[in-house]
There are 8 protein chains.
Amino acid sequence: MNDNNDKTKDFAEIDLDREMRTGFPEVIFGETKTPKQSALIAEKIYKKSDLFLITRTNDETYTEVQKIIPEAEYDEVAKMIFCTKKEQKISGKISVVNAGTSDIPIAREAEITATLMGVEVESINDVGVTGIHRILSKVESIRKSDCIVVVAGMEGALPTVVAGLVDKPVIAVPTSVGFGTGEKGYSALLTMLNSCAPGISVVNIDAGFSAGYQAGLIASQ
Amino acid sequence: MNDNNDKTKDFAEIDLDREMRTGFPEVIFGETKTPKQSALIAEKIYKKSDLFLITRTNDETYTEVQKIIPEAEYDEVAKMIFCTKKEQKISGKISVVNAGTSDIPIAREAEITATLMGVEVESINDVGVTGIHRILSKVESIRKSDCIVVVAGMEGALPTVVAGLVDKPVIAVPTSVGFGTGEKGYSALLTMLNSCAPGISVVNIDAGFSAGYQAGLIASQ
Amino acid sequence: MNDNNDKTKDFAEIDLDREMRTGFPEVIFGETKTPKQSALIAEKIYKKSDLFLITRTNDETYTEVQKIIPEAEYDEVAKMIFCTKKEQKISGKISVVNAGTSDIPIAREAEITATLMGVEVESINDVGVTGIHRILSKVESIRKSDCIVVVAGMEGALPTVVAGLVDKPVIAVPTSVGFGTGEKGYSALLTMLNSCAPGISVVNIDAGFSAGYQAGLIASQ
Amino acid sequence: MNDNNDKTKDFAEIDLDREMRTGFPEVIFGETKTPKQSALIAEKIYKKSDLFLITRTNDETYTEVQKIIPEAEYDEVAKMIFCTKKEQKISGKISVVNAGTSDIPIAREAEITATLMGVEVESINDVGVTGIHRILSKVESIRKSDCIVVVAGMEGALPTVVAGLVDKPVIAVPTSVGFGTGEKGYSALLTMLNSCAPGISVVNIDAGFSAGYQAGLIASQ
Amino acid sequence: MNDNNDKTKDFAEIDLDREMRTGFPEVIFGETKTPKQSALIAEKIYKKSDLFLITRTNDETYTEVQKIIPEAEYDEVAKMIFCTKKEQKISGKISVVNAGTSDIPIAREAEITATLMGVEVESINDVGVTGIHRILSKVESIRKSDCIVVVAGMEGALPTVVAGLVDKPVIAVPTSVGFGTGEKGYSALLTMLNSCAPGISVVNIDAGFSAGYQAGLIASQ
Amino acid sequence: MNDNNDKTKDFAEIDLDREMRTGFPEVIFGETKTPKQSALIAEKIYKKSDLFLITRTNDETYTEVQKIIPEAEYDEVAKMIFCTKKEQKISGKISVVNAGTSDIPIAREAEITATLMGVEVESINDVGVTGIHRILSKVESIRKSDCIVVVAGMEGALPTVVAGLVDKPVIAVPTSVGFGTGEKGYSALLTMLNSCAPGISVVNIDAGFSAGYQAGLIASQ
Amino acid sequence: MNDNNDKTKDFAEIDLDREMRTGFPEVIFGETKTPKQSALIAEKIYKKSDLFLITRTNDETYTEVQKIIPEAEYDEVAKMIFCTKKEQKISGKISVVNAGTSDIPIAREAEITATLMGVEVESINDVGVTGIHRILSKVESIRKSDCIVVVAGMEGALPTVVAGLVDKPVIAVPTSVGFGTGEKGYSALLTMLNSCAPGISVVNIDAGFSAGYQAGLIASQ
Amino acid sequence: MNDNNDKTKDFAEIDLDREMRTGFPEVIFGETKTPKQSALIAEKIYKKSDLFLITRTNDETYTEVQKIIPEAEYDEVAKMIFCTKKEQKISGKISVVNAGTSDIPIAREAEITATLMGVEVESINDVGVTGIHRILSKVESIRKSDCIVVVAGMEGALPTVVAGLVDKPVIAVPTSVGFGTGEKGYSALLTMLNSCAPGISVVNIDAGFSAGYQAGLIASQ
């Protein structure tokens, strides 16, 4: 599989059949790779699949990627680099709801991911439970989605309230927004895992990508 | 809402509109209620919705429930009491896969829950990753489901392997099977939250009910 | 202070001036005392203050106490033994709100404590956030209290919603109701400490007594 | 609610009715917002309520805020930006007591918050329990307050001693002052939650704002 | 060293030179040994050293020990079995101070241990910091000891107050008295490790024996 | 693979090729299986491999196993049921060293496992580091083994001392012997993972079986 | 106590009687104070007691202190600023032993502190248990001290070995030297708290000052 | 042992007999030593043993080392400085397998260490379980090694799959690659300790050196 000209062969064994098995090519976790590594892996995947996505990445990597794939986009809020040449037909719709302005970067990860999977995305910002009327006023709209991603930090109560109001699966994303005992998102994670409302499943802290991907799989069935 | 003859009015404010909002009546968490409390709440919900479900319950509660609802069933493995008079038309299918014999009680929770939601369930037992051929031989069958519940204790690696092989959402359930650092299921929970495979979301430790419910919502869309 | 006939002198140095300094006599933590120790301490405090309270106690201790103070009461739900000969004039009012039937024992601790402090208590059961209309329908009543005790286990979201709706201090009590990652109440505790709603302070897990006491101090000012 | 000229509409759904419901406008958590976001939200709240408060903020945000609200103040110790045009009549009084010089920034958060709520504040610095005479000499003064905020890091023992001496509610604030096992304030938090003195409730680590707010609610009743 | 008639040779390699090196024979940790094992080890040590001590033991073990060493004593509060035939000359004195009645069993462990080392012991019970005058009234007496053992559960604040009042080393013992976040003694342990008063060192939770031993070494120099 | 007469087919998918791949048949984790399940799985494996092993099991299971495999042995200390009809030629030798009498049950797990793999086992009991001469006197013997299993609870320091004295791999086993902060074996586990001596690898707490298996693999090469 | 010219009165309530009660003036915790605050407090204490000590401090603070107290010394390894004009007569001796070169800064804290208390100090570096002969060769010397401070990071086994060899109290200091699970010193702390050797008490992680102070109290009796 | 010209005598007590006892000279932990300390210790060990190794080191230290040992090599990925003049005869072979590109630095630590011990090393990169065919295709090659080091971050499932496929000991190395609950490698560590596959032992998080050393000991027997 790795020919002699393969510039990634010394550090990667790219899973080029991933798309065939799972419907989406291998996604590149950018955080602990060098910019050069990320860019070369992206090139190889893009060549095979007409689509690539790097998560948790940075400016420096974008510079490297642009040298090879000039049409690549970089979302600075979501810290994602991506590009697609596929023709997409929209199938399914999700809502991405966040509890506060500070949760937007993680929500944006989910939105970009689902969009790349060909799913329509409705974004609803800053409707945390302290002003409960804010989420109540959005319920009718949310109920029309196939799946709802709910992003919240601090006490993380929003997914519980949403799941008690709708008949659709809720994918909850704890964020690391908070301080003191809320630092790093464990409080929000525990809240979501222990919700008294059924119909919620949870992804890792700050894992907006994972939630968007799971919602994309659900909505596009 | 609570009339004078309501025998639950001193300890419960039952959410009788839950089914209308979310498609399924309020489910009774049996573990910390007295048998009498569980039975009286079940009676009231059953009267309204023709269906009830008590989770994490016990023999003593079953005795109380049978006095009021003689047709109630008790699954001793799943520790669930339930009954339905609804006519069900099957819509959608899920697979419930477990890693080892010891995980069966939690898997069974998921299976009963999804069945009560009108979803077809395929059960696959004891296919943990130590003998990787076991899960590989089931992939074709699993891929035909709308959603896959994967139940595992100890190191909890099975959901990651499954999610790398299919294009369907995986709901992962960590179980408290294990000892030493694996006691209480935190090891399996962390494994599932940190999976390098996308397409996984996770429920609480031993929360077979939550996984079955989430899978039921996804499959029955 | 300890005379020769003092039957408690070998194991206790009772703080008989506590009531003078803080307005309420020393309260007896029953859990780790022998029944005999609890009863003898209660006798001595009761003689001085015309009021005593034993928390986290049991049947066996009640038997011992009754031998000395026949008029003592035992609340089996709250696990409290107490008695008062004081004339009480009601000053102030609190609401004690719980999220679910399983939280009642801890709520009851708070109610008994505040009542012994001469405060009027309104009890509201089973209004957790999954059925958000339940708490919304009680807001008008709750707003009339001087302080609101909110008791919740599992994900512990109720105090946040309440604090966003009223202009009164909320004392939040996490309970150990839950399982898996919710076991022992840490999830609810963290939720309450990290609430995005201001106006909440928190007591120890299952500390219904502490919350009732704090609310009593606030309401009776 | 969000008109076309609303510069916050892309990232915030401000809860403008908060003051009506809870008596104080929405407070802006500055730590994870951009300076621009904090400033625009402050502007909108200030227009509606004649008062705003940004917590856990910084110099850069102050520069942005001053462009829009030149009269805004910045307390560099408390890291708070705020401004009020309301006429205030003092109602109620609190004491804010800290255990050591290093706890002053968090104590200052509480003092500013309560002052903005129209409450008189007495500040007492550096009276930790190692020199027990220091707090004993202040008791007479403290007892005259309606509520006492006690701020302490390291072993966090001060609230327990204070609560044993007065008949007023104590709001305890653990700080992240300490090192080794005291790092991040968990030691102080646990001490305060487990106090053997009744009459204490606790807020999040370093949450001076929350304590000041709760004390303000109590004192201004 | 182990001859053929040594009944302990299959499970123990007793360190019979321990007394020569450290001044006290090997002490037997009873909790995880069978009664028979504890008794046979005690017999062998007693033969060599004229003194033995079994910690964290039980009635059943006492029955076994009495068969071999009829003069052995059992302290049911401290859960210790011991016996000495040594002539003891008292050298040095310690105070063992506890915060509450529930801490007495652990304090008693320390007292018995130090007594067996030939040290005079003063016991002071139930002088926790909520009634601060109780410990203040004992300071003169405490200051005359060579070392002070302070035993406390819950918030564990007492050692800090004591160490601020005397010029003698304080050995702090956290106990597992408490509930919720105080369960198992971690709160008290952290309090003691993070004390703002110098002159404190700490032993394991419930380790009354260790504290008594350390105090004995200090006092008998 | 599962025929109609297979009594295990409803709960197990036994990995009968395990021995071919890894050299040892599937081992049965007994703790969370019913006695009947354990016995039926044992029967099937024994038929295929002439050897079976059940770990963390109990008397009741032994009774079930004996009905089917009368020649099965039960080691009550190690809590293991096993039987072999294989002819074994000894290849390789290991030492199993424990720190104290209380660690013997876990050490015994390792000894039985390695013996079943055809490895010679030397057992050395009760040589913890408090009496350092005990282990020093065994070094010559230990150095002759191919691999050394070191079992210790409490502070778990023994593997570090051993690894500094020999040129053979040390497999360290933390045990749950201890109390307070040592409860459940996390202290010993961390000690072993952080050893300043190279040449140590670690297994799960109380995982005597895993250590014996790993040592068996190493010694029998 | 605070006159009008007191430059510390806005941030400190210095405990000037500390020396009278405990034998040593208040020590200044430098880490969370501004350089100016540390310097002004030092000045005031030095004036009263002819001795001051600032711990966990830095270059910038030293510059401030030198402006006021030109004779002050700064130990860059121990991060301590101090000065004494007292005439000291040596009374007592301690050994400060460390396990590795990386532990020297914390050991140095202990050495400086004890020296300021008038105690003779013997320093022994880099004698960790991996090369067990290193500590064995020092035993004779160590046994002559009144108290032994043992400083170790990583697995923290050294205090256990030392305490098994001597009849003097050992004060154990865990350091934050290590990585992975050893990061921040919790592994070493737990090892020391759970030592199977009696005669050890423990201070906070990296608390060289506390250990030196405790040892100084013991040795100078 | 330390003569007057020994430049390390103030901070180190080098264990020069280590090689004789354990077969490999003392290895220098670079992270918490000054560059000068590391270089001087390296010089002394190199002189005695013709081989030295510094782990977790940096550029600055390399500059210091080169001044004394110009032939020293620095691997920037593994952060190791080393040199050997020994003649090596290869004995034994290991495979070092990693799950992803981000794990290469830790894998490289293991490879360099084993190579310095005279063992042949096969490196296999990026074969994590999400694309299970990648590891399956390498099994034949891996089975020929004497020991297999498996390096993985995030969910850490790879060692379990490998151990189920081979009859050789697996040394598992968790890495700190991951985010949220996977941060710092605890998730991977727990996965590896709780593996349902026997034949795995584990080293500290990011401890590539320890794994390489253990594998080297096993392979070179």
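**Briefing: a buried helix, a chain contact and one glutamate**

In helix H9 of chain F, the residues F:Gly208, F:Phe209, F:Ser210, F:Ala211, F:Gly212, F:Tyr213, F:Gln214, F:Ala215, F:Gly216, F:Leu217, F:Ile218 and F:Ala219 are buried. The model described here is a predicted one.

**Helix H9 of chain F**
- H9(F) is mostly covered, since twelve of its twelve residues are buried.
- The helix runs over residues 208-219, and at 1.5 Å a residue its twelve residues should span 16 Å, which agrees with the 16 Å that separates its end C-alpha atoms.

**Chain A against chain B**
- The contact draws on 32 residues from chain A and 32 residues from chain B.
- About 2,500 Å² is buried between chain A and chain B, with 55% of it on carbon and sulfur atoms.
- Between these two chains the count of salt bridges is zero, while 13 residue pairs, both residues at pLDDT 80 or more, are in polar contact.
- On the side of chain A that touches chain B, the elements giving two or more residues are helix H1 (18-22), strand S8 (170-174), helix H8 (186-193), strand S9 (200-202) and helix H9 (208-219).
- H9(A) gives the most to that side, with five residues.
- By class, the side of chain A that touches chain B holds 17 nonpolar, nine polar and six charged residues.

**H:Glu43**
- H:Glu43 lies in helix H2 of chain H, which covers residues 35-49.
- H:Glu43 is buried because its relative accessible area is 18%, the cut-off being under 20%.
- Apart from neighbours within four places in sequence, H:Glu43 is in contact with H:Lys7, H:Ile68 and H:Ile69.

Technical notes:
Residues numbered from 1 in each chain as written. Chains lettered and ligands numbered in written order. Predicted model: local features only at pLDDT ≥ 70, side-chain atom pairs only at ≥ 80, totals over all residues. Heavy atoms only, no water. Helix = DSSP H or I, 4+ residues; strand = E, 2+ residues; numbered from the N terminus. Buried < 20%, exposed > 50% of the residue type's maximum accessible area, 1.4 Å probe, protein only. Contact = heavy atoms within 4.5 Å. Expected span 1.5 Å × (residues − 1). Buried area = accessible area lost by both parts, 1.4 Å probe. Salt bridge = Lys/Arg side-chain N within 4 Å of Asp/Glu carboxyl O. Polar contact = N/O pair within 3.5 Å; in protein donor to acceptor, adjacent residues only side chain to side chain. Nonpolar A, V, L, I, M, F, W, Y, C, P; charged D, E, K, R; others polar.
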